[in-house]
Amino acid sequence: MRSTTLLALLALVLLYLVSGALVFQALEQPHEQQAQRELGEVREKFLRAHPCVSDQDLGLFIKDVADALGGGADPDINSTSNSNHSAWDLGSAFFFSGTIITTIGYGNAALRTDAGRLFCIFYALVGIPLFGILLAGVGDRLGSSLRRGIGHIEAIFLKWHVPPGLVRILSAVLFLLIGCLLFVLTPTFVFCYVEGWSKLEAIYFVVVTLTTVGFGDYVAGASPNQGNAAYQPLVWFWILLGLAYFASVLTTIGNWLRVVSRRTRAEMGGLTAQAASWTGTVTARVTQRVGPTAPPPLEKDRPLLPPPPCAAQPAGRPPSPLPVKAEPPSPSSPSTPPTASALDYPSENLAFIDESSDTQSERGCALPRAPRGRRRPPNPPRKPARPRGPGRPREKGVPV
(Lines give C-alpha, C1' and ligand atoms only; values in the text may rest on other atoms or scores of the structure.)
Protein backbone atom coordinates (compact mmCIF):
# COMPACT_ATOMS: atom_id res chain seq x y z
CA MET A 1 0.00 0.00 0.00
CA ARG A 2 1.35 3.41 -0.94
CA SER A 3 2.15 6.01 1.69
CA THR A 4 -0.45 8.44 0.34
CA THR A 5 -3.13 5.74 0.39
CA LEU A 6 -2.17 4.74 3.92
CA LEU A 7 -2.30 8.34 5.15
CA ALA A 8 -5.66 8.90 3.46
CA LEU A 9 -7.03 5.73 5.07
CA LEU A 10 -5.70 6.79 8.48
CA ALA A 11 -7.31 10.21 8.10
CA LEU A 12 -10.61 8.56 7.14
CA VAL A 13 -10.52 6.26 10.20
CA LEU A 14 -9.69 9.16 12.52
CA LEU A 15 -12.54 11.19 11.05
CA TYR A 16 -14.86 8.23 11.54
CA LEU A 17 -13.73 7.89 15.18
CA VAL A 18 -14.23 11.58 15.92
CA SER A 19 -17.69 11.59 14.35
CA GLY A 20 -18.66 8.50 16.39
CA ALA A 21 -17.32 10.08 19.57
CA LEU A 22 -19.40 13.22 19.00
CA VAL A 23 -22.57 11.20 18.36
CA PHE A 24 -22.09 8.94 21.41
CA GLN A 25 -21.31 11.94 23.60
CA ALA A 26 -24.46 13.72 22.49
CA LEU A 27 -26.60 10.63 23.08
CA GLU A 28 -25.14 9.16 26.29
CA GLN A 29 -23.82 12.09 28.33
CA PRO A 30 -27.25 13.51 29.27
CA HIS A 31 -28.34 10.04 30.45
CA GLU A 32 -25.19 9.70 32.57
CA GLN A 33 -25.77 13.09 34.22
CA GLN A 34 -29.39 12.20 34.92
CA ALA A 35 -28.37 8.89 36.53
CA GLN A 36 -25.80 10.70 38.70
CA ARG A 37 -28.43 13.19 39.90
CA GLU A 38 -30.83 10.37 40.71
CA LEU A 39 -28.14 8.58 42.71
CA GLY A 40 -27.46 11.74 44.72
CA GLU A 41 -31.16 12.17 45.45
CA VAL A 42 -31.49 8.55 46.60
CA ARG A 43 -28.45 8.95 48.84
CA GLU A 44 -29.82 12.12 50.49
CA LYS A 45 -33.20 10.48 50.94
CA PHE A 46 -31.60 7.50 52.65
CA LEU A 47 -29.60 9.76 54.99
CA ARG A 48 -32.72 11.70 55.95
CA ALA A 49 -34.60 8.47 56.64
CA HIS A 50 -31.70 7.03 58.67
CA PRO A 51 -30.05 9.84 60.60
CA CYS A 52 -27.94 7.36 62.56
CA VAL A 53 -25.93 6.55 59.42
CA SER A 54 -23.27 9.08 58.56
CA ASP A 55 -22.42 10.19 55.06
CA GLN A 56 -18.94 8.65 55.31
CA ASP A 57 -20.26 5.26 56.42
CA LEU A 58 -22.77 5.23 53.58
CA GLY A 59 -20.02 6.04 51.06
CA LEU A 60 -17.90 3.13 52.33
CA PHE A 61 -20.90 0.81 52.14
CA ILE A 62 -21.64 1.80 48.54
CA LYS A 63 -18.01 1.21 47.62
CA ASP A 64 -18.05 -2.26 49.16
CA VAL A 65 -21.24 -3.11 47.29
CA ALA A 66 -19.73 -1.94 44.00
CA ASP A 67 -16.63 -4.08 44.56
CA ALA A 68 -18.80 -7.11 45.37
CA LEU A 69 -20.85 -6.61 42.22
CA GLY A 70 -17.67 -6.32 40.19
CA GLY A 71 -16.46 -9.59 41.67
CA GLY A 72 -19.51 -11.48 40.44
CA ALA A 73 -21.86 -11.18 43.39
CA ASP A 74 -25.56 -10.81 42.65
CA PRO A 75 -27.77 -8.79 45.03
CA ASP A 76 -30.87 -10.76 44.01
CA ILE A 77 -29.54 -14.09 45.34
CA ASN A 78 -30.36 -13.37 48.99
CA SER A 79 -33.97 -12.49 48.20
CA THR A 80 -34.65 -15.54 46.02
CA SER A 81 -34.44 -19.30 46.38
CA ASN A 82 -31.44 -19.55 44.03
CA SER A 83 -28.92 -19.50 46.84
CA ASN A 84 -26.71 -22.14 45.15
CA HIS A 85 -26.23 -20.08 42.01
CA SER A 86 -22.60 -19.43 41.07
CA ALA A 87 -21.04 -17.46 38.26
CA TRP A 88 -18.33 -20.12 38.04
CA ASP A 89 -20.27 -23.31 37.62
CA LEU A 90 -19.21 -25.64 34.78
CA GLY A 91 -21.50 -24.11 32.14
CA SER A 92 -20.61 -20.53 33.02
CA ALA A 93 -16.89 -21.36 33.18
CA PHE A 94 -17.11 -23.04 29.76
CA PHE A 95 -18.80 -19.93 28.36
CA PHE A 96 -16.14 -17.71 29.95
CA SER A 97 -13.38 -19.80 28.37
CA GLY A 98 -15.14 -19.48 25.03
CA THR A 99 -15.24 -15.69 25.32
CA ILE A 100 -11.47 -15.71 25.87
CA ILE A 101 -10.51 -17.66 22.74
CA THR A 102 -13.09 -15.85 20.60
CA THR A 103 -11.67 -12.49 21.84
CA ILE A 104 -15.19 -11.28 22.72
CA GLY A 105 -14.54 -10.71 26.43
CA TYR A 106 -17.89 -9.50 27.72
CA GLY A 107 -16.48 -8.32 31.04
CA ASN A 108 -19.47 -9.28 33.17
CA ALA A 109 -17.29 -11.91 34.85
CA ALA A 110 -13.66 -11.09 35.57
CA LEU A 111 -10.78 -12.91 37.18
CA ARG A 112 -10.00 -11.78 40.73
CA THR A 113 -7.11 -14.05 41.70
CA ASP A 114 -3.49 -13.76 40.60
CA ALA A 115 -3.31 -17.44 39.72
CA GLY A 116 -6.38 -17.12 37.48
CA ARG A 117 -4.93 -14.09 35.71
CA LEU A 118 -1.60 -15.83 35.12
CA PHE A 119 -3.34 -18.92 33.73
CA CYS A 120 -5.52 -16.71 31.50
CA ILE A 121 -2.44 -15.21 29.81
CA PHE A 122 -1.10 -18.57 28.62
CA TYR A 123 -4.59 -19.91 27.96
CA ALA A 124 -5.34 -17.03 25.58
CA LEU A 125 -1.98 -17.26 23.79
CA VAL A 126 -2.63 -20.89 22.94
CA GLY A 127 -6.40 -20.82 22.51
CA ILE A 128 -6.78 -17.81 20.20
CA PRO A 129 -4.64 -19.23 17.33
CA LEU A 130 -6.26 -22.64 17.80
CA PHE A 131 -9.72 -21.13 17.54
CA GLY A 132 -8.63 -19.14 14.48
CA ILE A 133 -7.70 -22.36 12.68
CA LEU A 134 -11.02 -23.94 13.68
CA LEU A 135 -12.90 -20.84 12.57
CA ALA A 136 -11.24 -20.89 9.14
CA GLY A 137 -12.11 -24.55 8.63
CA VAL A 138 -15.71 -24.20 9.78
CA GLY A 139 -16.16 -21.04 7.71
CA ASP A 140 -14.84 -22.78 4.59
CA ARG A 141 -17.11 -25.77 5.07
CA LEU A 142 -20.13 -23.61 5.92
CA GLY A 143 -19.56 -21.30 2.97
CA SER A 144 -19.15 -24.28 0.61
CA SER A 145 -22.41 -25.81 1.84
CA LEU A 146 -24.31 -22.56 1.40
CA ARG A 147 -22.81 -21.95 -2.05
CA ARG A 148 -23.63 -25.52 -3.09
CA GLY A 149 -27.25 -24.99 -2.11
CA ILE A 150 -27.36 -21.65 -3.89
CA GLY A 151 -25.79 -23.29 -6.96
CA HIS A 152 -28.94 -25.41 -7.41
CA ILE A 153 -31.02 -22.23 -7.29
CA GLU A 154 -28.72 -20.66 -9.89
CA ALA A 155 -29.26 -23.65 -12.17
CA ILE A 156 -33.02 -23.15 -11.92
CA PHE A 157 -32.67 -19.48 -12.82
CA LEU A 158 -30.45 -20.32 -15.79
CA LYS A 159 -33.03 -22.82 -17.02
CA TRP A 160 -35.51 -19.95 -17.01
CA HIS A 161 -33.11 -18.01 -19.30
CA VAL A 162 -32.28 -15.40 -16.70
CA PRO A 163 -29.15 -13.35 -17.65
CA PRO A 164 -25.99 -14.67 -15.95
CA GLY A 165 -25.14 -11.25 -14.48
CA LEU A 166 -28.52 -11.05 -12.78
CA VAL A 167 -28.13 -14.64 -11.54
CA ARG A 168 -24.82 -13.74 -9.85
CA ILE A 169 -26.45 -10.78 -8.11
CA LEU A 170 -29.38 -12.90 -6.97
CA SER A 171 -27.06 -15.63 -5.64
CA ALA A 172 -25.06 -13.09 -3.61
CA VAL A 173 -28.26 -11.63 -2.16
CA LEU A 174 -29.54 -15.11 -1.28
CA PHE A 175 -26.22 -15.96 0.40
CA LEU A 176 -26.54 -12.89 2.63
CA LEU A 177 -30.24 -13.39 3.34
CA ILE A 178 -29.91 -17.06 4.30
CA GLY A 179 -26.99 -16.29 6.63
CA CYS A 180 -28.80 -13.40 8.29
CA LEU A 181 -31.90 -15.53 8.72
CA LEU A 182 -30.00 -18.41 10.34
CA PHE A 183 -27.51 -16.51 12.49
CA VAL A 184 -29.11 -13.12 13.20
CA LEU A 185 -32.90 -13.15 13.03
CA THR A 186 -33.55 -16.61 14.47
CA PRO A 187 -31.28 -16.08 17.54
CA THR A 188 -32.90 -12.69 18.07
CA PHE A 189 -36.33 -14.24 18.59
CA VAL A 190 -34.83 -17.03 20.71
CA PHE A 191 -33.18 -14.54 23.07
CA CYS A 192 -36.36 -12.48 23.24
CA TYR A 193 -38.23 -15.57 24.43
CA VAL A 194 -35.59 -17.07 26.77
CA GLU A 195 -34.02 -13.94 28.26
CA GLY A 196 -37.11 -11.73 28.26
CA TRP A 197 -35.36 -8.99 26.27
CA SER A 198 -36.96 -6.63 23.82
CA LYS A 199 -36.28 -7.08 20.12
CA LEU A 200 -33.89 -4.12 20.12
CA GLU A 201 -31.96 -5.51 23.09
CA ALA A 202 -31.78 -8.98 21.54
CA ILE A 203 -30.53 -7.83 18.13
CA TYR A 204 -28.13 -5.47 19.90
CA PHE A 205 -26.66 -8.44 21.77
CA VAL A 206 -26.44 -10.52 18.59
CA VAL A 207 -24.61 -7.86 16.59
CA VAL A 208 -22.27 -6.91 19.46
CA THR A 209 -21.43 -10.59 19.97
CA LEU A 210 -20.86 -11.60 16.34
CA THR A 211 -18.69 -8.54 15.76
CA THR A 212 -16.63 -9.61 18.85
CA VAL A 213 -17.18 -6.24 20.51
CA GLY A 214 -18.76 -7.73 23.64
CA PHE A 215 -19.60 -4.86 25.98
CA GLY A 216 -21.03 -7.15 28.64
CA ASP A 217 -24.13 -5.13 29.47
CA TYR A 218 -26.24 -7.94 27.95
CA VAL A 219 -24.98 -11.52 28.27
CA ALA A 220 -27.02 -14.61 27.49
CA GLY A 221 -27.37 -16.94 30.48
CA ALA A 222 -25.96 -14.48 33.03
CA SER A 223 -29.24 -14.17 34.89
CA PRO A 224 -29.52 -16.29 38.07
CA ASN A 225 -33.02 -17.30 36.98
CA GLN A 226 -31.47 -19.34 34.14
CA GLY A 227 -31.06 -22.79 35.63
CA ASN A 228 -30.19 -24.80 32.51
CA ALA A 229 -26.48 -25.68 32.61
CA ALA A 230 -26.34 -26.45 28.86
CA TYR A 231 -27.76 -23.09 27.80
CA GLN A 232 -24.52 -21.10 27.71
CA PRO A 233 -22.52 -23.85 25.91
CA LEU A 234 -25.21 -23.88 23.23
CA VAL A 235 -24.89 -20.10 22.97
CA TRP A 236 -21.14 -20.55 22.45
CA PHE A 237 -21.71 -22.99 19.55
CA TRP A 238 -24.04 -20.43 17.99
CA ILE A 239 -21.22 -17.87 18.33
CA LEU A 240 -18.86 -20.30 16.55
CA LEU A 241 -21.20 -20.79 13.60
CA GLY A 242 -22.08 -17.09 13.40
CA LEU A 243 -18.42 -16.02 13.40
CA ALA A 244 -17.65 -18.68 10.77
CA TYR A 245 -20.44 -17.34 8.55
CA PHE A 246 -19.22 -13.77 8.83
CA ALA A 247 -15.66 -14.99 8.15
CA SER A 248 -16.86 -16.72 4.96
CA VAL A 249 -18.67 -13.54 3.91
CA LEU A 250 -15.54 -11.46 4.45
CA THR A 251 -13.46 -14.05 2.55
CA THR A 252 -15.90 -13.97 -0.37
CA ILE A 253 -15.80 -10.18 -0.48
CA GLY A 254 -11.98 -10.23 -0.33
CA ASN A 255 -11.76 -12.75 -3.19
CA TRP A 256 -14.17 -10.71 -5.28
CA LEU A 257 -12.17 -7.53 -4.70
CA ARG A 258 -8.95 -9.38 -5.55
CA VAL A 259 -10.42 -10.65 -8.83
CA VAL A 260 -11.73 -7.20 -9.73
CA SER A 261 -8.33 -5.66 -8.97
CA ARG A 262 -6.51 -8.28 -11.06
CA ARG A 263 -8.85 -7.77 -14.00
CA THR A 264 -8.46 -4.01 -13.75
CA ARG A 265 -4.67 -4.28 -13.77
CA ALA A 266 -4.78 -6.67 -16.74
CA GLU A 267 -7.08 -4.37 -18.70
CA MET A 268 -4.91 -1.33 -17.94
CA GLY A 269 -1.79 -3.25 -18.99
CA GLY A 270 -3.47 -4.30 -22.22
CA LEU A 271 -4.54 -0.75 -22.98
CA THR A 272 -1.01 0.50 -22.30
CA ALA A 273 0.48 -2.10 -24.64
CA GLN A 274 -2.06 -1.30 -27.34
CA ALA A 275 -1.38 2.41 -27.00
CA ALA A 276 2.38 1.81 -27.30
CA SER A 277 1.82 -0.39 -30.37
CA TRP A 278 -0.42 2.22 -31.97
CA THR A 279 2.13 4.97 -31.27
CA GLY A 280 4.94 2.92 -32.82
CA THR A 281 2.81 2.16 -35.87
CA VAL A 282 1.87 5.79 -36.42
CA THR A 283 5.51 6.85 -36.01
CA ALA A 284 6.60 4.29 -38.61
CA ARG A 285 3.96 5.47 -41.09
CA VAL A 286 4.90 9.13 -40.60
CA THR A 287 8.60 8.28 -41.05
CA GLN A 288 7.77 6.40 -44.25
CA ARG A 289 6.12 9.45 -45.77
CA VAL A 290 8.56 12.09 -44.59
CA GLY A 291 11.77 10.03 -45.09
CA PRO A 292 12.31 10.20 -48.94
CA THR A 293 12.25 14.03 -49.05
CA ALA A 294 14.92 14.60 -46.39
CA PRO A 295 18.47 13.08 -46.29
CA PRO A 296 19.41 11.01 -43.28
CA PRO A 297 21.05 13.16 -40.60
CA LEU A 298 23.95 10.74 -39.98
CA GLU A 299 24.83 9.94 -43.62
CA LYS A 300 28.38 11.40 -43.39
CA ASP A 301 29.12 9.63 -40.12
CA ARG A 302 28.25 6.22 -41.52
CA PRO A 303 29.51 6.10 -45.14
CA LEU A 304 29.92 2.31 -45.27
CA LEU A 305 26.41 1.38 -44.09
CA PRO A 306 23.72 1.03 -46.72
CA PRO A 307 20.91 3.57 -46.46
CA PRO A 308 17.35 2.37 -45.99
CA PRO A 309 15.67 1.67 -49.32
CA CYS A 310 12.74 3.83 -50.26
CA ALA A 311 9.22 2.60 -50.69
CA ALA A 312 9.52 2.50 -54.48
CA GLN A 313 12.35 -0.07 -54.45
CA PRO A 314 11.27 -3.56 -55.62
CA ALA A 315 11.07 -6.25 -53.02
CA GLY A 316 13.44 -8.68 -54.83
CA ARG A 317 16.26 -6.16 -55.46
CA PRO A 318 19.32 -6.85 -53.24
CA PRO A 319 20.65 -3.99 -51.15
CA SER A 320 23.64 -2.13 -52.53
CA PRO A 321 26.86 -2.30 -50.46
CA LEU A 322 27.86 1.26 -51.38
CA PRO A 323 25.97 4.47 -50.66
CA VAL A 324 23.42 5.19 -53.35
CA LYS A 325 21.87 8.57 -53.87
CA ALA A 326 18.14 8.73 -53.61
CA GLU A 327 16.50 8.96 -57.00
CA PRO A 328 14.21 11.91 -57.49
CA PRO A 329 10.56 11.05 -57.96
CA SER A 330 9.39 10.63 -61.52
CA PRO A 331 7.43 13.52 -62.99
CA SER A 332 4.51 11.24 -63.77
CA SER A 333 3.91 10.37 -60.11
CA PRO A 334 2.35 13.09 -57.96
CA SER A 335 4.55 14.51 -55.22
CA THR A 336 3.76 13.53 -51.68
CA PRO A 337 3.40 16.40 -49.20
CA PRO A 338 6.08 16.20 -46.52
CA THR A 339 3.75 16.80 -43.57
CA ALA A 340 1.68 13.65 -43.11
CA SER A 341 -0.05 12.61 -39.91
CA ALA A 342 -1.97 9.66 -38.54
CA LEU A 343 -5.25 11.36 -39.33
CA ASP A 344 -4.59 10.65 -43.05
CA TYR A 345 -5.53 7.02 -42.38
CA PRO A 346 -9.11 7.12 -41.12
CA SER A 347 -9.80 3.54 -42.16
CA GLU A 348 -6.78 2.13 -40.34
CA ASN A 349 -6.56 4.14 -37.11
CA LEU A 350 -8.41 1.50 -35.10
CA ALA A 351 -6.91 -1.51 -36.88
CA PHE A 352 -3.47 -0.56 -35.63
CA ILE A 353 -4.51 -1.23 -32.03
CA ASP A 354 -4.76 -5.00 -32.58
CA GLU A 355 -1.42 -5.34 -34.39
CA SER A 356 2.07 -5.21 -32.94
CA SER A 357 4.53 -2.46 -33.72
CA ASP A 358 7.03 -4.95 -35.16
CA THR A 359 4.55 -6.20 -37.75
CA GLN A 360 3.61 -2.65 -38.74
CA SER A 361 7.26 -1.61 -38.96
CA GLU A 362 7.96 -4.35 -41.51
CA ARG A 363 5.33 -2.84 -43.84
CA GLY A 364 7.01 0.60 -43.84
CA CYS A 365 10.43 1.84 -44.75
CA ALA A 366 12.86 -0.09 -42.54
CA LEU A 367 16.29 -1.67 -42.78
CA PRO A 368 16.25 -4.82 -44.97
CA ARG A 369 16.36 -8.02 -43.04
CA ALA A 370 19.35 -10.25 -43.73
CA PRO A 371 18.79 -13.95 -44.48
CA ARG A 372 18.65 -16.31 -41.51
CA GLY A 373 22.09 -16.97 -40.12
CA ARG A 374 23.72 -13.83 -41.67
CA ARG A 375 23.65 -10.61 -39.69
CA ARG A 376 24.77 -8.28 -42.52
CA PRO A 377 25.42 -8.61 -46.29
CA PRO A 378 28.96 -9.69 -47.21
CA ASN A 379 31.38 -6.86 -47.86
CA PRO A 380 34.80 -8.35 -48.87
CA PRO A 381 36.69 -5.06 -49.50
CA ARG A 382 36.18 -3.96 -45.89
CA LYS A 383 37.94 -6.99 -44.29
CA PRO A 384 41.55 -6.31 -45.49
CA ALA A 385 41.10 -2.55 -45.14
CA ARG A 386 40.10 -2.64 -41.43
CA PRO A 387 41.61 -5.75 -39.76
CA ARG A 388 40.28 -6.61 -36.31
CA GLY A 389 40.52 -9.43 -33.77
CA PRO A 390 43.12 -10.79 -31.43
CA GLY A 391 44.32 -13.44 -33.92
CA ARG A 392 45.82 -10.95 -36.40
CA PRO A 393 49.38 -10.67 -34.87
CA ARG A 394 50.00 -14.39 -35.50
CA GLU A 395 50.23 -13.66 -39.27
CA LYS A 396 53.55 -11.78 -38.83
CA GLY A 397 56.19 -12.90 -41.29
CA VAL A 398 53.71 -14.32 -43.74
CA PRO A 399 54.22 -12.65 -47.16
CA VAL A 400 51.25 -10.81 -48.40
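Predicted model: local features only at pLDDT ≥ 70, side-chain atom pairs only at ≥ 80, totals over all residues.
Next I looked up Cys-180, which comes out as partly exposed at 33% relative accessible area. How many disulfides are there? I counted pairs of cysteine sulfur atoms within 2.5 Å, and the count is zero.

I checked the UniProt record, an unreviewed entry, and it lists residues 1-20 as "signal peptide". In the model I find residues 1-20 to be 90% helix and 0% strand. I also noted that the end C-alpha atoms of this span lie 26 Å apart.

**Helix H4.** Then I went along H4, which has 46 residues and runs over 114-159. From its first C-alpha to its last it reaches 65 Å, close to the 68 Å expected at 1.5 Å a residue. Where does H4 bend? I found a bend of about 30° at Ala-124. Ala-124 is also one of the buried residues of H4. Among the others I listed four glycines, Gly-116, Gly-127, Gly-139 and Gly-143, and I also wrote down Phe-131, Leu-135, Leu-142, Leu-146 and Ile-150. After H4 I came to His-161, whose phi is positive, near 60°.

**The core.** My next stop was the largest nonpolar core, which has 31 residues. Which of its residues have the most contacts inside it? I noted Phe-191, Val-235, Trp-238 and Ile-239. Five helices are on my list here, H3 (90-101), H4, H5 (164-195), H6 (199-210) and H7 (231-290), and each supplies at least two residues of the core. H7 gives the most, with 10 residues.

I took a closer look at Trp-238 and asked what it touches. Leaving out residues up to four places away in sequence, I got Phe-183, Pro-187, Phe-191, Phe-205, Val-206, Thr-209 and Leu-210. Phe-191 turns up again here, having been among the residues with the most contacts inside the core.

Last, I looked up Ala-229, which I found in the loop between H6 and H7. Its relative accessibility is 53%, and exposed means over 50%, so Ala-229 counts as exposed. How far is Ala-229 from Asp-89 in space? I get 8.3 Å, C-alpha to C-alpha, although the two are 140 residues apart in sequence.

Conventions. Residues numbered from 1 in each chain as written. Heavy atoms only, no water. Core = buried A, V, L, I, M, F, W, Y, C linked by side-chain atoms within 4.5 Å. Buried < 20%, exposed > 50% of the residue type's maximum accessible area, 1.4 Å probe, protein only. Contact = heavy atoms within 4.5 Å. Expected span 1.5 Å × (residues − 1). Bend = angle between axes of the 7 residues up to and from the residue. UniProt positions renumbered as here; feature names shortened; annotations may be inferred.
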